[in-house]
Amino acid sequence: MVRRSSLKRERLQREFGQNVRRWRKVNGLTASELANRASVTRDTLRAIETGTGAARFDSVLAVLSVIGIAETVVHASDPYRSESARPRIDAIIAGGGEL
């Protein structure tokens with residue numbers, strides 16, 4: 001059977017969840033308030049904050065939007081903003097490719 005998870009991924013999910021919980025508290029929201037404002041169930045928010053379960057991506061973005069960091073997270077994933085990706089992007093473009 002193929003293992004879909006790894007120790008590193010599990011650690012990252014927990015860290016992400018802890019960060020979401022911290023942002024919720026920084027914003028002065030209870031878990032119920034955040035879940036309600038993001039239009040997700042309390043169980044979905046719990047899965048996100050504990051780093052367990054498989055929350056849908058749109059649910060995660062809804063939670064991030066309510067706590068005010070959705071755009072920051074999306075921008076952080078942009079390869080054009082990455083120092084390590086820029087040389088590879090330049091090589092792709094120089095070779096006639098596009099992103």
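This is a predicted model: local features need pLDDT of at least 70, side-chain atom pairs count only at pLDDT 80 or more; totals for chains, interfaces and linings use all residues.
Some ground rules. Local features need pLDDT of at least 70 and side-chain atom pairs count only at pLDDT 80 or more, while totals for chains, interfaces and linings use all residues. Residues are numbered from 1 along each chain as its sequence is written, and side-chain values use heavy atoms, with hydrogens and water left out.

I start inside. The largest nonpolar core has 15 residues. By a nonpolar core I mean a set of buried Ala, Val, Leu, Ile, Met, Phe, Trp, Tyr and Cys residues joined through side-chain atoms within 4.5 Å. Buried is under 20% relative accessible area, exposed is over 50%, and partly exposed is in between, with a 1.4 Å probe and protein chains only. Among the residues with the most contacts inside this core are Val-20, Leu-34, Val-63 and Ile-67. The elements giving two or more residues to the core are H2, H3 and helix H4 (57-67). Helices here are DSSP runs of H or I, at least four residues, numbered from the N terminus.

Take Val-20. Leaving aside neighbours within four places in sequence, Val-20 is in contact with Ile-48, Glu-49, Val-63, Leu-64 and Ile-67; contact means heavy atoms within 4.5 Å.

Now Arg-24, in helix H1 (residues 7-26). Is this arginine buried or exposed? Arg-24 is buried, because its relative accessible area is 9%. Not counting residues up to four places away in sequence, Arg-24 touches Leu-29, Thr-30, Ala-31, Leu-34, Glu-49 and Ile-67.

Next, a loop residue. Ser-39 sits between helix H2 (31-38) and helix H3 (42-50). Ser-39 has a positive phi of about 60 degrees, although it is not a glycine. At 68% relative accessible area, Ser-39 is exposed.

Last, the surface. Which residues make the nonpolar patch of about 400 Å²? They are Tyr-80, Ile-92, Ile-93 and Leu-99. Patch residues have over 30% relative accessible area and no salt bridge; like charges are joined within 9 Å, and nonpolar side chains (Val, Leu, Ile, Met, Phe, Trp, Tyr) within 5 Å. A salt bridge is a side-chain nitrogen of Lys or Arg within 4 Å of a carboxyl oxygen of Asp or Glu. Accessible areas come from the Shrake-Rupley method with a 1.4 Å probe, and for residues only the protein chains shown count as cover.

Tyr-80 lies in the loop between helix H5 (70-76) and helix H6 (86-94) and is partly exposed at 44%. Leu-99, in the segment after H6, is exposed at 56%.
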